[in-house]
Amino acid sequence: MEDIDISFLENKAKEIRRNIVDMIYHSGAGHIGGSLSSTDILVTLYYKILRIDPRNPVWTDRDRFILSKGHSVEGYYTILADLGFIDREELKTYCKFNSRLTGHPTVKIPGVEANTGSLGHGLSLGVGMALAGKMDKKDYKVYVLMGDGEQAEGSIWEAAMCAKHYKLDNLIGIVDRNKLQIGGPTEYVMSLEDLSAKWASFGWEVVEVDGHNISQLVTVFESVPVKYNKPTLILAHTVKGKGVSFIEDKPEWHHKIPTSEEYTRMIRELNQEDDNVREDIGSAV
Amino acid sequence: MSEKTSVLPCRKAFSEALFELAKEDRDIVVLTSDSRGSASVENFAEHLPGQFIDVGIAEQNLISIASGLAGCGKKPFIFAPACFLSTRSIEQIKIDVAYTNRDVKIIGVSGGVSYGPLGSTHHSLEDIAFMRAIPNMTVILPCDVNQTKALVKSLLSYNKPAYIRMGRNPVENVYDENIFFNIGKASLLSDGADATIIATGEVVKTAYDAALILRDKGIYTRVIDMHTVKPIDEEIIIESARKTEFIVTVEEHNIRGGLGSAVAEVLIKRLPVKMYMAGIPDEFSITGSQKEILEYYNITPEGISNIVLKELRRG
């Protein structure tokens, strides 16, 4: 995927965002805010960074990606379908009776590495996969995308300690730092700051990035491992609900389902060619 | 039945048997949460360090790491005290092992009340109930060293999640050497028409000795070693209900949700007979040595034989 340019990725991110809104509106289920905040990270990983083969999802040398914030699933499923891990038609079954596309991902879906949805598991799973890579002398990398509210889970810090101890420089943690969780701002519910210092003190090499600047994301991901023998933590500053101005940075849009009117406005805004043309004023960034 | 030779604790036998296999199979990985001594896995740390991971005192991390390893083709065996594994990491077991259906073997050592005087923090009297309620989980309690060694071999080709509970202290052998461990198929240790005693784990010996006391009184009991509590051997339970009108279950576990409940679930839907569930009552156990605690709750050969005698007199 060397030849993929930034504008392709940016357009892809728009397409994925439209699909996220579509899936959530039509199924009446999902977590819109966190899915939109993590879209650019997922797009950068899946279309530019990850060494994967949709025709062989269990390829032993593949990079591993774990969606630890398992509720941000709509963009993830859309990408897996777009790349051919699953059929595009299957997306229509999302959260429908007996569909394998449940509200949180499972390994029943080709390309999915872990059953997530309960927060705080992904990094430990990633430690296991990274350890296996070291044992087998494989050069694959393991990427774990976590939420920021999720950082309150104690098990994350068990894993953080362990990754440093075993010098897992093939493990990359990413925090989607959108600063909101279901109950409000993270700093109101359970303050996380200084989050960068916390990770650094656990022995991780911390890199901060604008989680919506795809060019920056590419540069950062391509520089990993930043330090030999150290795990990398990418602290991605994002906006919850990114891409739809009237829901950006609004806690109630953690998992609200748009009305038909809201849905129409969302799609209209996501269809704008120029990013600067925003539907309403007062956007968060 | 073998001689009453007092030998090793099962945990030691498990570790030794696994160590021999691990020398040949480099995908076997032993994980522990700072329990290398109590789980008897020092030999892995010393001689097979590339196949040994200590995560420190972090039982949640322990389970998920093992799941990640299994997802990459490794064969993880987790060793830690049963009390912590079965409670602190139960969600990781449910999701990362069972729901994901990864081939992870969870070995709970020093189970039941074998940490007797240390108090209820260190007792595991709910583990069978917890594990049994999780889909995809297999639950096994070996009763002696010879059976444990056989179990290790069978586990290696059993590519499903499993929870194995063993005690801490040396146990007398019930089985001869070189037996085959058939997961899911109970063993009939003695036969009789007067009553059935079904036991699991290290109190199988207690059940067997109870049968010997009864035999001296002219009462003949079926004794069943239900080493696999899940999936349970339904056929032998129904066969027993047909042959005897009374079934006693014996377990080192809370009487709620353990072996007794599992047997009752089978009987109630197919052939109800009268039961007595011997075990620890639904209370935080008194403390003392394992032996003292089991005696206090009448989980002894005399205690079990008295249950049968009382029932038969009434009948």
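**View 1. Helix α3 of chain A is largely enclosed by the rest of the structure, because 11 of its 11 residues (39-49) are buried.** Buried means that 20 or more other C-beta atoms, placed from the backbone, lie within 10 Å of the residue's own. The helix is a DSSP run (H or I, at least four residues), numbered from the N terminus. Among its buried residues are A:D40, A:Y46, A:Y47 and A:K48. The model is predicted: local features need pLDDT of at least 70 and side-chain atom pairs count only at pLDDT 80 or more, while totals for chains, interfaces and linings use all residues. Residues are numbered from 1 along each chain as its sequence is written, and chains are lettered from A in the order in which they are written.

**View 2. Chain B meets chain A through 21 residues, in contact with 19 residues of chain A.** Contact means C-beta atoms, placed from the backbone, within 7 Å. On the chain B side, α3 (59-71) and α5 (90-99) each supply at least two residues. The largest share, nine residues, comes from α3(B).

**View 3. The largest nonpolar core has 165 residues.** Such a core is a set of buried Ala, Val, Leu, Ile, Met, Phe, Trp, Tyr and Cys residues joined through C-beta atoms within 7 Å. Helix α1 (residues 6-27) of chain A gives the most to this core, with eight residues. Domain 1 (6-172) and domain 2 (187-314) of chain B both contribute, so the core lies between them; the domain bounds come from an automatic or database assignment.

**View 4. A:V127 is one of the residues with the most contacts inside the largest nonpolar core.** Not counting residues up to four places away in sequence, A:V127 touches residues including A:C162, A:L168, B:I65 and B:G68.

Definitions and conventions:
Two residues are in contact if their C-beta atoms, placed from the backbone, lie within 7 Å. A residue is buried if 20 or more other C-beta atoms lie within 10 Å of its own, exposed if 12 or fewer, and partly exposed in between; C-beta atoms are placed from the backbone.
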